[in-house]
Amino acid sequence: MLAAGVMLTACHNDSKPEGLLNQEQMVDFLTEACLIEGYCAIETRYNFDSLTPEMVYAYDEILAEQGITREQVETSLAYYAKHPEEYIAIHENVAAALNDITDTGSVGNDL
């Protein structure tokens, strides 16, 4: 019985990886990414199967503005995917932020 408990503890590593973005940073990044993708979908008939040079540039701009790296985003997405309660909270906050933006009519002003 003790061995099973040790194995379960060993398999479920809750340590946070180095460079992990906190939930607020994830919300900020994902909100901006949604806005950019929405803009491109409308204005350029963006194909979500591949990144255009404009999309790569837009993502690089978001990363630079927020002072984060692609590696941090990838690491954070992987971490939060393994922690669904936190991941759901992040996406609920993204949805709320997008709703706030559309309710105030400031979508076009930020792009």
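Author: Helices here are DSSP runs of H or I with at least four residues, strands are E runs of at least two, and both are numbered from the N terminus. The model is predicted: local features need pLDDT of at least 70, side-chain atom pairs count only at pLDDT 80 or more, and totals for chains, interfaces and linings use all residues. Residues are numbered from 1 along each chain as its sequence is written, and side-chain values use heavy atoms, with hydrogens and water left out.

Reader: How many helices and strands in the protein chain?

Author: Six helices and zero strands. Along the sequence the pattern reads α-α-α-α-α-α.

Reader: And what share of the residues is buried?

Author: 24% of the 111 residues. Buried means under 20% relative accessible area, exposed over 50%, partly exposed in between (1.4 Å probe, protein chains only).

Reader: Which residues touch the most other members of the largest nonpolar core?

Author: Phe29 and Ile90, in a core of 20 residues. Such a core is a set of buried Ala, Val, Leu, Ile, Met, Phe, Trp, Tyr and Cys residues joined through side-chain atoms within 4.5 Å.

Reader: Which helices supply at least two residues each?

Author: α2, α3 (53–66), α4 (70–81) and α5. The largest share is from α2, with seven residues.

Reader: What is Phe29 in contact with, leaving aside neighbours within four places in sequence?

Author: Tyr59, Ile62, Leu63, Gln66, Ile68 and Val73. Contact means heavy atoms within 4.5 Å.

Reader: Switching to α2 and α5. At what angle do the axes cross?

Author: Roughly 50 degrees, and the axes come within 9 Å. That makes α2 oblique to α5. Under 35 degrees counts as roughly parallel, over 145 as roughly antiparallel, 65 to 115 as roughly perpendicular, and the rest as oblique. α2 spans residues 23–43 and α5 residues 84–104. Axes are lines fitted to C-alpha atoms, for helices over the stretch in contact, with angles from 0 to 180 degrees between N-to-C directions.

Reader: Which residues meet there, from α2 and α5?

Author: From α2, Gln23, Met26, Val27, Leu30, Thr31, Cys34 and Leu35. From α5, Glu86, Ala89, Ile90, His91, Asn93, Val94, Ala97, Leu98 and Ile101.

Reader: Last one: is Cys40 buried or exposed?

Author: Buried, with a relative accessible area of 8%. Cys40 lies in helix α2.
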